[in-house]
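Here is my note on this chain, point by point. Please keep the 3D view open and find each residue as you read.

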Amino acid sequence: MTRKTNPSKSPRNIKKRVVKKTSKTVNKKGYSPLHPKKKIRANLAPATDPYISKEQLKDYTICTKCHIVYHLNRWFIDKNLYNALKNNRTIKKILCPACKKIKDNYAMGVVSIKGGFFFDHKEEILSLIKHEELRAMDTNPLERIMKKRKDKENYIITTTSEKLAQKIGRALHRAYKGEVRYSWSDNNKFVRVFWEREK
Ligand SMILES: [Zn+2]
């Protein structure tokens, strides 16, 4: 399998984005005023992700495709907030980094599953993988599965983040044992995860 690469997005061109930390961006305790029980965790990794803009996005920017909302330097899933903002003309409307990657087929992680065990337990394993995606999206809505397909003797899953591919590898190994292997690109921007179990 070959991976599409875009020469203009070579690691040399990626500069670390400076995010100004002000009292406005993250409140003292590190909890979002929108989700008081939820700790704010950065879901942007501009140093390693060419799809994260160097420019600061306007607060309350929304994604027209998946309806997530950018607020306090991160993306949130918040359907009510999206509905409240979507008809407001002053609100910036864009494709979020995850939707852009899906549109461009720009994967940052590939999970290759091999062996008879998968094909004998396909539904169950795919449901575990879906669960892992939903869990990841709960913390970071930019972590998504892009495509799933069969490729010769492997089953291939591509992801928008290298972290989600690793999480899927760990979850498969935890649940079903077998053998798992990770192979990172030099700049850690891209990971291949191999999981294999025969019977
Ligand atoms: Zn989106």
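1. The expected span is 1.5 Å times one less than the number of residues.

2. **What kind of model this is.** The model is predicted: local features need pLDDT of at least 70, side-chain atom pairs count only at pLDDT 80 or more, and totals for chains, interfaces and linings use all residues. Residues are numbered from 1 along each chain as its sequence is written.

3. **The whole chain.** The protein chain holds five helices and nine strands. Along the sequence they follow the pattern β-β-β-α-β-α-β-α-α-β-β-α-β-β. Of its 199 residues, 28% count as buried. A residue is buried if 20 or more other C-beta atoms lie within 10 Å of its own, exposed if 12 or fewer, and partly exposed in between; the C-beta atoms are placed from the backbone. Now take contacts between residues at least 6 apart in sequence: 63% of them join residues at least 24 apart. Two residues are in contact if their C-beta atoms, placed from the backbone, lie within 7 Å.

4. **Helix 5, buried residues.** Which residues of helix 5 are buried? They are Glu162, Leu164, Ala165, Lys167, Ile168, Gly169 and Leu172. Their cover includes strand 5, helix 4 (122–139), strand 7, strand 8 (179–184) and strand 9 (191–196).

5. **Glu162.** Look at this residue of helix 5. Glu162 counts as buried because it has 25 C-beta neighbours inside 10 Å. Glu162 and Lys189 are 27 residues apart in sequence, but 6.9 Å apart in space, C-alpha to C-alpha. Leaving aside neighbours within four places in sequence, Glu162 is in contact with Met108, Gly109, Lys189, Phe190 and Val191.

6. **Helix 4.** The 18 residues of helix 4 should span 26 Å at 1.5 Å a residue, and the end C-alpha atoms agree, at 26 Å apart. Buried here are Ile125, Ile129, Glu132, Ala136 and Met137. Seen down the helix 4 axis, these buried residues fall within an arc of 135 degrees, so they line one face. The arc is that of the directions from the helix axis to the C-beta atoms. On the other side of helix 4, Glu123, Glu124, Ser127, Lys130, His131, Leu134 and Asp138 are exposed. Helix 3 (116–120), strand 7 and helix 5 are among the elements that cover the buried residues of helix 4.

7. **Helix 4 against helix 5.** Their axes come within 10 Å and cross at roughly 135 degrees. Axes are lines fitted to C-alpha atoms, for helices over the stretch in contact, and angles run from 0 to 180 degrees between N-to-C directions. Helix 4 and helix 5 are therefore oblique to each other. Angles under 35 degrees count as roughly parallel, over 145 as roughly antiparallel, 65 to 115 as roughly perpendicular, and the rest as oblique. The contact is made by Leu128, Ile129, Glu132, Glu133 and Ala136 of helix 4 and by Leu164, Lys167, Ile168, Ala171 and Ala175 of helix 5.

8. **Helix 2 and Met146.** In helix 2, Pro97, Ala98, Cys99, Lys101 and Ile102 are buried. These residues pack against strand 1 (61–63) and strand 6. Met146 is found in strand 6. Is Met146 buried or exposed? Met146 is buried, since 20 other C-beta atoms lie within 10 Å. Not counting residues up to four places away in sequence, Met146 touches Lys101, Ile102, Ala107, Thr158, Thr159 and Thr160. Met146 and Thr158 are twelve residues apart in sequence and 5.3 Å apart in space, C-alpha to C-alpha.

9. **Positive phi.** Most residues other than glycine have a negative phi. Asn105, not a glycine, has a positive phi of about 55 degrees. Asn105 lies in the loop between helix 2 (97–104) and strand 5 (109–114). Asn105 counts as exposed, with 11 C-beta neighbours inside 10 Å. Lys152 also has a positive phi, near 50 degrees. Lys152 sits in the loop between strand 6 (145–151) and strand 7 (154–159). Lys152 is exposed, with 8 other C-beta atoms within 10 Å. Just after helix 5, Lys177 takes a positive phi of about 60 degrees.

Key:
Helix = DSSP H or I, 4+ residues; strand = E, 2+ residues; numbered from the N terminus.
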